[in-house]
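Welcome! Let us take a short walk through one protein model and see how its side chains meet.

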Amino acid sequence: RIIWGHNLTQLIQNWAPDDPSKTLCSGTPRLAKDSNYASAILAAWKDDVDNRSNDAVTSVAAPIVYHDDEGCPLFGYVHRPANTVQNNFNLKNNHLPGIILFHTGAGPQDVFLRWKADVLVTDSHTFPDGVVVLIADILGDETGWAWDTDRSRYESVATYLLKPDENGNRVLLQSRVRAALDALVDQPGVDPKRVGVLGFCLGGHPILELGRMAKECVRAMVSFHGVFGSVHKMKTHAYQRKEFEFKDDGKKEPCHVLMCTGKEDPFVTHADLTTAQAMFETMGYKVAVMQYDDTRHGFTNPAQAYNSNPAFGYNPESSGLAWEAMRCLLKSSLNANDIF
């Protein structure tokens, strides 16, 4: 049973800007690289909250433990509208769409992802009936060890996770993607036929695998500066992806894939991007690629303004354009009124 935590809107409104590192950088789990990272995300989050209307939806969140096929525990975080945990709310109708967020190389314990999950849950324009968001874990990181400056543990886990076998399959990654889907649709009130998936950076790999797994519940997938290394080693499955049949006029609509990337991102090569696009299109997905000028890796994250690595950088204009494109896609793909 999930014990729901703080009202996130109230938590952020009461945040003091001189005190982010005490809980985010040294607590358990660790949620930020350093105080600059924590301050940048919390400031952006607080700005979001301050600009919401007084009657805006509020969100609550709680940790969740789920398991892959081998029984390995995975440590996610579930966000949902506060009114959906009240006793008088009927969760038996399964009318809420669900969204999975797949994390960057910083792992699932990232205040950036918690901010984005809260933004999604409180976006009543895109999700007028509400939405449930799962921050998924593909590393098995409960404490935030993926933040460690010593990257040896991360490199070992990621290499094992992403290495294709002789048939071009990444069995462990598929298992953890499947576990995330199961964990999301098991949440009370979630419609098992209306799932969207967002992947940041490393999170591009789960989107590739979902494309090859062809899960009918997934109606839209979006990558933000998603990396697609090893995509050339994967085999495109010899089936067309099944389409969704609309109830009103019998028309069919394929799952949509939106890939948002910067033209100056050295981690997302032109070859990888075009190969990934071709793979999705071959399997029947409807693909859109958005490439932004003067935009580097991690462009959606305000904390990248403090990253000394020239490959990274925050671009608020590109971030806003990508986020708005994602909102439009999810609104048209996941809302029952728009679908049926």
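The report below turns to aromatic rings and then to salt bridges.

This is a predicted model, where local features need pLDDT of at least 70 and side-chain atom pairs count only at pLDDT 80 or more, while totals for chains, interfaces and linings use all residues. Residues are numbered from 1 along each chain as its sequence is written, and side-chain values use heavy atoms, with hydrogens and water left out.

**Aromatic rings**

A pair of aromatic rings is described by the distance of the centres and the angle of the planes. Here, rings of Phe, Tyr and Trp (its six-membered ring) pair if their centres lie within 6.5 Å; planes under 30 degrees apart are stacked, over 60 edge-to-face, and the rest tilted. The model has 8 aromatic pairs by this rule. (Helices, H or I with at least four residues, and strands, E with at least two, are DSSP runs numbered from the N terminus.) Both Tyr37 and Trp147 are buried; buried means under 20% relative accessible area, exposed over 50%, and partly exposed in between, using a 1.4 Å probe and protein chains only.

Phe200 and Phe224 have ring centres 4.9 Å apart and planes at 20°, so they are stacked. Phe200 sits in strand E5 and Phe224 in strand E6, 24 residues apart. Ring pairs also join these two with Phe112, Trp115 and Trp323 in a cluster.

**Salt bridges**

Side chains of opposite charge can pair when their charged atoms come close. A salt bridge is a side-chain nitrogen of Lys or Arg within 4 Å of a carboxyl oxygen of Asp or Glu. The whole structure holds 10 salt bridges, including these:

| Asp69 | Arg178 | 2.6 Å |

Asp123 is buried at 12%, and Arg327 is buried at 18%. Glu209 is buried at 0%, and Arg170 is buried at 0%. Finally, salt bridges that share partners join Asp123, Glu324 and Arg327 into one network.
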